[in-house]
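Here is a short note to read beside the model. Keep the structure open and go through the points in order.

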Amino acid sequence: MAIIAVFNQKGGVGKTTTALNLLAAIAQRGQRPVGIDLDPQAHLSQVFGAHPRLADDSVYSFFVRQRPLDDIARITRSGVVLCPAHLELAKLDSMLGKSVNIVTRLRQALLAPEAVPGPVVIDTCPLFNVLSLNAVFACDLLLVPVSCDYLALRGAREVERALNALEPVFRQRLPRRYLLTRYDARRRMSSDVVDQMTAVLRPEEICTTRIRECVMLAESPAMELDVFRHAPGSNGAADYQALVDELVGAGFVT
């Protein structure tokens with residue numbers, strides 16, 4: 001089972017859009033992926049039409065009451081199984097702390113014999129807190145969206161530094177891929193960001209797929225749709241399908 005966490009410390013880089021359409025692209029392959037929303041803002045849950053009124057019906061109860069993920073999960077209109085988020089998740093840092101048992105709780109659940117089947121994609125909040133640490137410790141691959149602007153690139157470099165600092169804990173280099181989003185070949189800034197990324201990051205850890213600027217991709221979440229349901233013939237759908245194909249070729253998705 002592939003476990004992919006989508007994370008960047010900078011907001012507005014296409015993190016939730018990437019988690020949403022990566023899940024949908026995997027579903028397009030005939031699989032039933034599992035999405036886990038660890039962002040208290042719950043944007044991924046909203047797009048998938050999952051709006052738990054009570055915190056106990058979200059992943060909050062998994063962390064606080066140790067409720068099984070299977071009890072929380074629900075099937076969405078996109079064919080994706082989703083464990084939704086709730087605003088109460090914002091309280092977990094002060095409630096739980098960051099002990100090893102806490103930050104590995106999601107990993108233990110996903111690797112258990114009774115774990116939810118299928119590829120897993122985890123959407124995170126743009127902070128290194130107890131929730132994002134759970135995602136990092138649980139994943140086989142950390143996917144870092146980087147929109148084509150200088151602040152997003154700075155956020156990616158901060159992620160890289162934090163991951164390098166965690167290497168002694170992992171006892172290995174955590175597999176990661178940096179994904180360019182909102183790419184426009186006509187804009188000089190896009191080419192500048194590409195050049196700087198290849199200079200400061202390992203080139204083999206930068207996705208060859210680039211998510212192009214696309215109006216239909218940007219507007220689909222407002223309609224509570226992934227891009228494959230909203231505009232299947234768009235560049236956005238083609239790019240996210242290409243991303244899944246790249247991850248399959250790299251062995252991260254089967």
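Which residue is the bridge partner of D37 in β5? Point 5 gives the reply.

1. Ground rules. This is a predicted model, in which local features need pLDDT of at least 70, side-chain atom pairs count only at pLDDT 80 or more, and totals for chains, interfaces and linings use all residues. Residues are numbered from 1 along each chain as its sequence is written, and side-chain values use heavy atoms, with hydrogens and water left out.

2. Overall build. The protein has 13 helices and eight strands. Helices (H or I, at least four residues) and strands (E, at least two) are DSSP runs, numbered from the N terminus. The radius of gyration is 17 Å, close to the 18 Å that the globule rule gives for 254 residues, so the protein is as compact as a globular protein of that length. That radius is taken over C-alpha atoms, and the rule is 2.2 Å times the number of residues to the power 0.38. The C-alpha atoms fill a box of roughly 50 × 40 × 30 Å along the principal axes.

3. Inside and contacts. Of the 254 residues, 54% count as buried, meaning under 20% relative accessible area with a 1.4 Å probe, protein chains only. Take the contacts (heavy atoms within 4.5 Å). Among those with a separation of 6 or more, 77% come from residues 24 or more positions apart.

4. The sheet. Eight strands form an open sheet with mixed pairing. The order is β3-β4-β2-β5-β1-β6-β7-β8. At the edges are β3 (74-75) and β8 (206-212), and each pairs on one side only. Two strands pair if DSSP finds at least two bridges between them.

5. Around β5. Strand β2 (residues 34-37) runs parallel to β5, and four bridges join them. Here is the reply to the opening question: the bridge partner of D37 in β5 is D123. Strand β1 (residues 3-6) also pairs with β5 in the parallel sense, over four bridges. In that pair, I3 has V120 as its bridge partner in β5.

6. Two faces of β5. Strand β5 covers residues 120-123. V120 and I122 point one way, while V121 and D123 point the other way. All of them are buried.

7. Strand β7 (residues 176-183) pairs with β8 in the parallel sense, over three bridges. Y183 has R212 as its bridge partner in β8.

Notes
Buried < 20%, exposed > 50% of the residue type's maximum accessible area, 1.4 Å probe, protein only.
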